[in-house]
Amino acid sequence: MDQAADIDLTESTAPGGRGSLIDKAVLDLLPRWGRPGLELAVRLDLLRALGVRNVWRRLRDEARLDAIPSAGQRPGYEEMWRDAADELGARVANLSGTFLEISKGAARTRVWNHVVPLDDGVTLKLSLDKTLVHRLLAEAGLPVPTHTEFDAADPQAAQALLARSAGPCVVKPVTSDAGSGTTTGVRTTVHLRRAILRASRVDSRLLIEQQAPGYAHRMLLLDGELLDVVKRYPPHVTGDGRSTISKLIAGENRRRMECAPGKGQLLRIDLDCLFTLEAAGLSPSSVLPAGERVPVKTAVSQNAQQENEGVLRHGNISPALVEEARTAVNVLGLRLAAVEVVTPDTSVALREVGGIVLEVNAPPGLHYHYDITEPEYAVRVAVPILKRLLEG
């Protein structure tokens with residue numbers, strides 16, 4: 001792949017310099033084999049950092065997940081929509097797999113998992129372009145992360161922002177979703193080069209952002225009305241005094257597959273994990289004292305149900321913060337969207353505490369609002385959404 005051809009990985013961070021031969025192989029593969037070479041380069045970089053045993057554990061867990069017939073699907077969605085239909089007195093017909101047709105009298109609508117026919121294709125496409133979204137939100141006066149778009153083949157702009165940043169940065173593809181290709185905790189030029197390599201598998205248009213302090217909060221809005229807010233914590237593991245962090249992660253993945261075998265959400269040891277641990281003076285081979293709980297990633301896309309907390313029942317949500325989220329969806333012309341904000345305090349506006357609007361997700365995943373620490377208190381967001389769909 002041309003855009004990654006001049007990425008230099010010769011500054012190995014592997015113990016004892018064991019990555020030097022792999023680094024040379026990476027540099028040889030990128031220009032020669034195009035995308036297959038890039039994919040192999042990323043895997044070799046991970047192998048250099050983790051060692052054969054940890055990579056084997058990851059591949060084993062992924063193979064087990066792939067063997068589950070429903071892996072990658074969200075089996076809760078049909079149940080979610082049927083529950084909403086029962087609440088509204090509507091009927092549900094399963095058309096094929098995850099396509100549902102829901103009707104009440106003469107009204108009828110169709111849904112596919114979290115995808116509903118409320119927003120047009122152009123608006124949804126626009127919401128995926130992170131750089132454009134940042135610009136539109138900033139023009140509307142909303143706080144967004146300091147950022148720069150750059151091409152994978154020319155990282156000079158990214159290097160300049162990293163040099164100016166007082167803290168860690170995030171590298172991500174401009175058009176990715178669900179955290180694909182995203183690496184947080186980028187602090188050095190070596191980190192940056194490795195993060196570019198990973199992100200460029202998804203898109204050659206990349207974005208570097210200054211990482212904002214605070215916790216991620218997912219604010220779901222429908223036609224300007226706030227339906228729910230979920231506070232999302234990074235994934236953690238708890239030490240037992242014997243096991244390495246990599247073994248604790250493998251154990252967490254076994255627990256997830258046993259508890260919810262079809263959800264397809266593994267906790268992966270990737271660059272985001274490695275950089276998070278490095279910042280804490282740890283590595284996948286570190287052994288945590290019994291009872292010590294540490295975050296193993298900064299990105300929240302692979303966290304567990306118990307790391308998502310419903311906020312409306314306990315939290316204080318500032319009307320000013322709600323208005324900022326409402327402005328974000330209105331600027332983009334969306335009816336249904338999840339506004340991802342990062343803030344240390346939801347009781348005040350983002351501007352007052354250095355918070356930011358990180359992303360606006362559409363169509364938004366609805367399962368996040370059901371898969372929370374106290375599911376019995378989850379907001380049944382599918383009910384008002386289905387009601388609006390049937391009203392036309």
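Predicted model: local features only at pLDDT ≥ 70, side-chain atom pairs only at ≥ 80, totals over all residues.

Author: A definition to start: buried means under 20% relative accessible area, exposed over 50%, and partly exposed in between, with a 1.4 Å probe and protein chains only. Residues are numbered from 1 along each chain as its sequence is written, and side-chain values use heavy atoms, leaving out hydrogens and water.

Reader: How many helices and strands are in the protein chain?

Author: The protein chain has 12 helices and 14 strands. Both are DSSP runs numbered from the N terminus: helices are H or I with at least four residues, strands E with at least two.

Reader: Which residues have the most contacts inside the largest nonpolar core?

Author: Val171, Val186, Leu192, Ile208, Ile249 and Val296, in a core of 29 residues. A nonpolar core here is a set of buried Ala, Val, Leu, Ile, Met, Phe, Trp, Tyr and Cys residues joined through side-chain atoms within 4.5 Å.

Reader: Which elements each supply at least two residues of this core?

Author: α6 (156-164), β5 (169-173), α7 (189-199), β7 (205-210), α8 (245-259) and α9 (271-279). α9 gives the most, with five residues. There is also a second, separate core of 26 residues, which includes Leu220, Leu222, Leu336 and Tyr370.

Reader: Back to Val186. What does Val186 touch?

Author: Leaving out residues up to four places away in sequence, Val186 touches Leu162, Pro168, Cys169, Val171, His191, Leu192, Ala195 and Phe275. Contact means heavy atoms within 4.5 Å.

Reader: And β7, how many bridges join β5 to β7?

Author: Five, and the two strands run antiparallel. Pro173 stands opposite Leu206 in β7. Strand β4 (residues 147-151) is also joined to β7 by five bridges, again antiparallel. There, Asp151 has Arg205 of β7 as its bridge partner. Two strands pair if DSSP finds at least two bridges between them.

Reader: New topic. What is the strand order in the open sheet of five strands?

Author: β12-β9-β8-β13-β14, with antiparallel pairing. The edge strands are β12 (308-310) and β14 (356-361), each pairing on one side only. The twist averages 25 degrees from one strand to the next. Three bridges join β9 (residues 225-232) to β12, and Val230 stands opposite Gly310 in β12.

Reader: Which helix lies across β8, β9, β13 and β14?

Author: Helix α10 (residues 319-332), running at about 60 degrees to β8. Axes are lines fitted to C-alpha atoms, for helices over the stretch in contact, and angles run from 0 to 180 degrees between N-to-C directions.

Reader: Last one. At what angle do helix α4 and helix α5 pack?

Author: About 90 degrees, with the axes 5 Å apart. α4 (residues 121-128) and α5 (residues 130-139) are therefore roughly perpendicular (65 to 115 degrees). Leu126, Ser127 and Leu128 of α4 meet Lys130, Leu132, Val133 and Leu136 of α5.

Terms used: Parallel < 35°, antiparallel > 145°, perpendicular 65-115°, else oblique.
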